[in-house]
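User: Can you walk me through the pockets and the helix packing of this one? I'd like to know how each term is defined as we go.

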Amino acid sequence: MAKLKVAVLISGSGSNLQALLDMCAAENAPAEIVRVISNVPTAYGLERAKQAGVPTTVINHKDYDSRESFEDALNQMLDSENIKMICLAGFMRLLTDSFVQKWKDMLINIHPALLPSFKGLHTHERAIEAGVKFHGATVHYVRPNMDEGPIIIQACVPVLPNDTADELGKRVLEQEHKIYPLALRMIAKRQVRVSAEKVVYNGVDNLMESMINPEG
Ligand code: GRF
């Protein structure tokens with residue numbers, strides 16, 4: 001089976017990008033990251049891509065006078081590379097409905113919370129503030145409404161007494177690095193599809209991989 005051609009969109013450190021690059025580095029990996037695109041020229045993730053030998057492009061939203069023209073540039077790059085799957089990995093621009101529609105079921109995101117709780121920013125602070133006992137991360141297909149869409153994998157972590165947002169965030173990030181590659185691998189192996197706006201699994205060796213719980 002040909003490898004799924006993936007582009008990863010980033011804006012920052014790119015630790016999730018690194019997890020995806022590492023997964024794709026295996027010889028028998030079902031997916032291949034063919035380009036990393038950043039809207040921020042100084043994003044450290046660009047360095048990670050270069051070190052992995054993956055071509056990078058900066059499409060700086062500040063160089064465009066509208067969201068649409070910025071996305072036209074993105075689309076041009078993605079189409080020219082024959083991209084079949086886009087992974088948002090800390091990409092900090094909102095995408096228009098028309099972009100999301102064009103890439104329907106070919107566009108996934110990782111969010112640092114157990115959706116549908118805590119959409120948006122500052123999820124770790126808000127989880128602590130709300131007093132929840134469990135928090136986590138979600139990989140989901142992207143839909144026009146921010147942080148909505150069929151859920152592919154979630155991982156949860158405990159919220160410990162006296163946790164700071166930083167400590168909790170680190171615990172969540174560790175899980176993000178596990179579930180994002182897992183989700184991409186399942187998609188590339190055609191083990192997941194969307195039906196009636198829910199994810200249906202087919203031939204996944206261990207379905208528990210889509211529900212990761214803390215040990216102990
Ligand atoms: C992650 O927490 C991700 O869930 C969120 O943005 C952060 C990006 O981190 N969407 P990194 O750039 O992958 O290190």
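This is a predicted model: local features need pLDDT of at least 70, side-chain atom pairs count only at pLDDT 80 or more; totals for chains, interfaces and linings use all residues.

User: What is the volume of the largest pocket?

Analyst: A pocket here is an open set of points on a 1 Å grid over the protein atoms alone, with protein on both sides within 12 Å along at least five of seven lines; a 1.4 Å probe fits at the points. Points are joined across faces, edges and corners, and the volume is the space filled by probe spheres set on them. For the largest pocket that comes to about 870 Å³.

User: Which element gives the largest share of its lining?

Analyst: Lining residues have an atom within 4 Å of a point, and the largest pocket has 32 of them, with Gly90, Phe91, Met92, Asn109 and Ile110 nearest its centre. Helix H1 (15-25), strand S5 (107-111) and helix H6 (165-188) each give two or more; helices (H or I, at least four residues) and strands (E, at least two) are DSSP runs numbered from the N terminus. The largest share, 3 residues, comes from S5.

User: How many charged residues are in that lining?

Analyst: Ala, Val, Leu, Ile, Met, Phe, Trp, Tyr, Cys and Pro count as nonpolar, Asp, Glu, Lys and Arg as charged, and the others, Gly among them, as polar. The lining of the largest pocket splits into 14 nonpolar and 14 polar residues, and the charged ones number 4.

User: Why does the second largest pocket lie between two domains, and which ones?

Analyst: This pocket holds about 310 Å³, and Leu4, Lys84, Met85, Ile187 and Arg190 are the ones nearest its centre among 18 lining residues. Domain bounds come from an automatic or database domain assignment. The pocket lies between the two domains because both give residues to its lining: domain 1 (1-103) and domain 2 (111-204).

User: Which element gives the most to the lining of the second largest pocket?

Analyst: Strand S1 (4-10), H6 and strand S8 (192-195) each give two or more residues to it. By class the lining has 11 nonpolar, 1 polar and 6 charged residues. With 3 residues, the element that gives the most is S8.

User: How does H5 sit relative to H6?

Analyst: Axes are lines fitted to C-alpha atoms, for helices over the stretch in contact, and angles run from 0 to 180 degrees between N-to-C directions. The axes of H5 (residues 123-130) and H6 come within 9 Å and cross at roughly 115 degrees. Angles under 35 degrees count as roughly parallel, over 145 as roughly antiparallel, 65 to 115 as roughly perpendicular and the rest as oblique, so H5 is to H6 roughly perpendicular.

User: Where is the cis peptide bond?

Analyst: Proline 116 is in the loop between S5 and H5, and phenylalanine 118, also found in that loop, has a positive phi of about 50 degrees without being a glycine. The cis bond, with omega near 10 degrees, runs from leucine 115 to proline 116.

Definitions and conventions:
Residues are numbered from 1 along each chain as its sequence is written. Side-chain values use heavy atoms; hydrogens and water are left out.
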